[in-house]
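Please read them with the coordinates open.

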There are 2 protein chains.
Amino acid sequence: MNVPQSSPGSRLDNYVDRYAARTAGMTASEVRALFAVASRPEVVSLAGGMPNIDALPLDAVADTVARLVAERGTVALQYGSGQGDETLRGQICDVMRLEGIEAHPDDITVTVGSQQALDLVTRVFIDPGDVILAEAPSYVGALSTFASYQADVVHVAMDEDGLIPEHLENAITAVRAAGKRIKFLYTIPNFHNPMGVCMSAERRARVLEICRRADLLIIEDNPYGLLGFDGEPMRALRADDADGVVYLGSFSKTFAPGLRVGWAVAPHAVREKLVLAAEASVLSPPVFSQMTVSAYLETQPWRSQIKTYREMYRERRDAMLDALRTCMPPGTSWTNPAGGFFVWVTLPEGLDAKAMLPRAVTARVAYVPGTAFYADGFGASSMRLSFCYPTPERIREGVRRLATVISEELELRAMFGSGSTPGRALPGPASPTTQAPGPDLA
Amino acid sequence: MNVPQSSPGSRLDNYVDRYAARTAGMTASEVRALFAVASRPEVVSLAGGMPNIDALPLDAVADTVARLVAERGTVALQYGSGQGDETLRGQICDVMRLEGIEAHPDDITVTVGSQQALDLVTRVFIDPGDVILAEAPSYVGALSTFASYQADVVHVAMDEDGLIPEHLENAITAVRAAGKRIKFLYTIPNFHNPMGVCMSAERRARVLEICRRADLLIIEDNPYGLLGFDGEPMRALRADDADGVVYLGSFSKTFAPGLRVGWAVAPHAVREKLVLAAEASVLSPPVFSQMTVSAYLETQPWRSQIKTYREMYRERRDAMLDALRTCMPPGTSWTNPAGGFFVWVTLPEGLDAKAMLPRAVTARVAYVPGTAFYADGFGASSMRLSFCYPTPERIREGVRRLATVISEELELRAMFGSGSTPGRALPGPASPTTQAPGPDLA
């Protein structure tokens with residue numbers, strides 16, 4: 001076959017038989033096309049996981065960045081180390097101390113957001129067919145990364161206190177009995193995405209103990225740990241096991257995501273592998289971003305900025321929980337997050353959140369269907385609602401609209417025996433597309 | 001085996017039996033330890049590929065960035081699209097028009113430096129054991145990426161006019177006869193890294209024709225295309241084949257590398273895969289960096305900045321070629337780059353550039369041995385000298401020192417029948433380490 005010279009904009013794929021096997025796991029989210037519609041201003045999006053950064057002191061940040069470029073521009077605009085800026089790595093140690101972690105700057109690899117840390121950890125550990133244990137449900141972006149490395153994700157049940165230790169033990173036993181290799185447990189212990197819950201202190205000790213006995217590495221993903229609305233941050237798993245835990249952190253929610261600065265803390269030998277993988281991937285993370293974060297941490301009151309964020313998100317959480325209590329029809333249940341960005345809503349029996357989504361978007365409200373957070377097709381009766389981005393008024397309005405849609409679905413169901421059915425036409429472009437943002441950025 | 005709780009800083013690798021197979025291809029460069037020594041100020045490093053950005057108008061860039069943050073900070077510091085900023089993608093089309101490329105902003109995926117574009121292309125196309133054709137020698141960072149995806153690199157000979165078409169044809173035939181799949185040809189047609197040469201216009205047409213007939217995708221890596229010292233930029237391969245070429249570009253050498261902004265131009269279906277792979281890898285490239293580049297292109301005289309860079313690099317190239325002519329002992333040969341950063345030097349017969357490196361560093365000059373640029377162990381008699389970073393005076397001094405070392409090696413050889421032998425002790429830390437910069441960043 002010759003590659004024909006087609007006109008620009010041709011949609012024929014001349015390479016269809018030549019992609020790597022791993023691309024089978026790289027698919028656009030099925031709800032992606034819908035999110036293109038959901039980004040219209042008249043739609044209240046409770047779908048996206050974007051932080052609200054309106055509260056940032058932009059003039060102060062502008063001054064900080066201008067000084068950085070004018071005074072240290074030839075360093076800030078130059079290539080840097082694959083492991084990341086040493087000053088920033090020291091400051092990251094200070095930030096992590098808030099969660100009980102004692103680490104050395106050399107333990108840290110700075111990454112292009114903590115998504116890259118996830119990517120690098122997966123790249124370093126996962127051969128096709130290896131098993132990753134993950135909470136049920138789990139972060140959609142992690143599931144995409146795991147799929148792109150052809151991992152098999154086995155979900156472990158969780159409840160309002162996080163991952164259930166007995167289920168973890170059972171999963172380890174069952175997977176190993178089936179002759180498969182488990183490479184790590186992936187967990188989001190604080191203000192879980194999408195469930196909004198925290199792993200209790202008692203369970204943390206149990207999970208650490210189980211993984212230690214089973215010789216199982218833990219990947220602790222912690223973007224929301226400092227965004228708790230009550231009391232002190234919880235103690236990180238990494239704080240109690242320096243050798244058995246790789247910890248992933250991020251400035252995306254405590255400062256700003258557009259800089260793409262995250263990090264991994266790993267045992268020495270793993271850290272060396274992560275740096276080699278990072279170099280093969282991007283040479284070095286952006287020095288410009290890293291030094292901006294470093295200068296921000298040094299010159300700005302970052303602790304009080306986090307407090308400002310917490311108060312803003314608490315107000316939005318309150319608005320959402322209040323509206324849910326006021327508006328939702330009986331049979332609907334939801335989690336009670338004490339921090340973070342998300343509430344997990346479970347619909348009255350028989351309703352399907354994915355099938356209902358087109359109707360919701362028509363009613364000008366969007367959410368992420370629960371199925372997005374499972375590697376195995378579960379989650380149809382649930383949805384994730386985000387309270388991070390819209391104002392409290394918009395959140396109330398969005399929940400009111402959603403409650404109306406759910407009530408109508410229940411009425412339809414009472415009348416005809418079923419609500420929305422899967423396969424119903426979407427009010428947007430019919431095929432998934434990469435033009436629209438992914439579920440977490442919608 | 002239980003994971004023991006070792007003390008912080010433990011150097012035992014509890015995970016040694018658990019890494020993915022691909023990590024076997026992720027190794028620290030053998031000359032890396034030496035570069036830690038070579039970065040001492042008394043050593044003239046002709047090793048690194050870092051651009052010299054002293055000529056940047058830092059105050060103007062500082063103003064641009066400050067205005068960006070103050071006026072559009074809530075966008076610039078927020079998550080963005082996985083494909084990259086649309087305005088920037090339009091501006092990239094303008095930049096590429098200088099090389100004859102007519103592309104649409106939708107054809108472009110913005111990446112974290114063009115290294116990430118290389119990584120994503122490899123991720124999308126390469127299964128373990130697939131063959132990549134690459135020039136002999138080729139860019140060390142590409143070889144690292146290819147190795148990390150377990151590709152087999154087959155080198156194709158080049159000369160002063162670039163890749164030799166007949167060798168390309170023979171390589172395609174031989175690899176296919178051996179029953180292996182070739183996924184793409186990787187080429188750096190302009191001011192080649194490490195050889196410094198350009199593919200002639202006549203050869204470009206031949207290479208395109210051969211690849212079209214053989215149904216072989218071309219990856220055209222072009223970081224130096226606008227840094228020619230004479231005349232107009234050469235016409236890109238992509239300019240004559242929109243469907244058969246994936247083009248990789250970068251702002252690292254025409255603006256600044258610390259922003260990490262590069263891009264890939266690809267046929268539509270490939271571009272969709274690249275964006276999905278990018279999202280699984282980093283969610284989105286840094287909006288902060290992208291909008292900084294975009295504002296720079298919009299408000300600053302970027303064309304004249306490139307002219308400034310060209311003149312600076314030409315002066316350094318002249319200094320290096322002049323010093324080589326003046327100082328090198330007979331039997332040494334080198335390329336005559338008309339742009340870019342690099343001269344490729346071949347030693348008198350019998351000398352080994354890698355074995356000689358410790359002696360060179362002791363004599364306070366560093367280079368990258370030719371073997372770094374081959375996947376197959378060749379290149380021992382050659383070395384790459386960079387003229388991009390040191391001043392003309394330092395370049396002359398470095399070449400003088402290097403010539404002295406070579407002459408001494410020749411004398412040793414004349415007396416004892418051999419010069420330096422491989423395996424000789426290095427004057428730095430004995431083991432490869434990720435602490436030092438990689439060969440291209442030293």
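1. Is R384(B) buried or exposed? The model is a predicted one, and in it R384(B) has a relative accessible area of 0%. Buried means under 20% on this scale, so R384(B) counts as buried.

2. R384(B) belongs to strand β14 of chain B, which covers residues 382-386. A polar atom of the R384(B) side chain lies 2.7 Å from the backbone oxygen of A47(B). The buried arginine therefore has a backbone oxygen as a polar neighbour at that distance.

3. Turning to the aromatic residues, the count over all chains is 31 aromatic pairs. One of them joins F255(B) and Y296(B), with 3.6 Å between ring centres and 5° between the planes, and is classed as stacked. F255(B) sits in the loop between β8 (245-250) and β9 (262-265) of chain B, whereas Y296(B) is part of helix α9 (residues 287-299) of chain B; the pair therefore ties together parts that are 41 residues apart in sequence. Both F255(B) and Y296(B) are buried.

4. A cluster linked by ring pairs draws on both chains: Y15(A) and Y19(A) come from chain A, and F125(B), F146(B), F184(B) and Y186(B) from chain B.

5. Y19(A), a member of that cluster, also has a lysine over its face: K273(B) is 4.6 Å from the ring centre.

6. On the interface as a whole, chain A and chain B each put 101 residues into the contact. The area buried between chain A and chain B is about 8800 Å². Carbon and sulfur atoms give 57% of that area.

7. Across the interface of chain A and chain B there are 38 residue pairs in polar contact, counting pairs with both residues at pLDDT 80 or more. Four salt bridges also cross between chain A and chain B. R18(A) and D215(B) form a salt bridge through their side chains, with 3.3 Å from N to O.

8. Which elements of chain A give two or more residues to the side that touches chain B? They are α2 (58-76), α4 (113-125), α5 (140-148), α7 (201-213), α8 (268-282) and α9 (287-299) of chain A. The largest share, 13 residues, comes from α8(A).

Note on methods: Residues are numbered from 1 along each chain as its sequence is written. Chains are lettered from A and ligands numbered from 1 in the order in which they are written. This is a predicted model: local features need pLDDT of at least 70, side-chain atom pairs count only at pLDDT 80 or more; totals for chains, interfaces and linings use all residues. Side-chain values use heavy atoms; hydrogens and water are left out. Rings of Phe, Tyr and Trp (its six-membered ring) pair if their centres lie within 6.5 Å; planes under 30 degrees apart count as stacked, over 60 as edge-to-face and the rest as tilted. Helices (H or I, at least four residues) and strands (E, at least two) are DSSP runs, numbered from the N terminus. Buried means under 20% relative accessible area, exposed over 50%, partly exposed in between (1.4 Å probe, protein chains only). A charge sits over a ring if NZ of Lys or CZ of Arg is within 6 Å of the ring centre and within 35 degrees of the ring normal. A polar contact is a pair of N or O atoms within 3.5 Å; within protein, one must be able to donate a hydrogen and the other to accept it, and residues adjacent in sequence count only if both atoms are side-chain atoms. Contact means heavy atoms within 4.5 Å. Buried area is the accessible area (1.4 Å probe) that two parts lose on being put together, summed over both.
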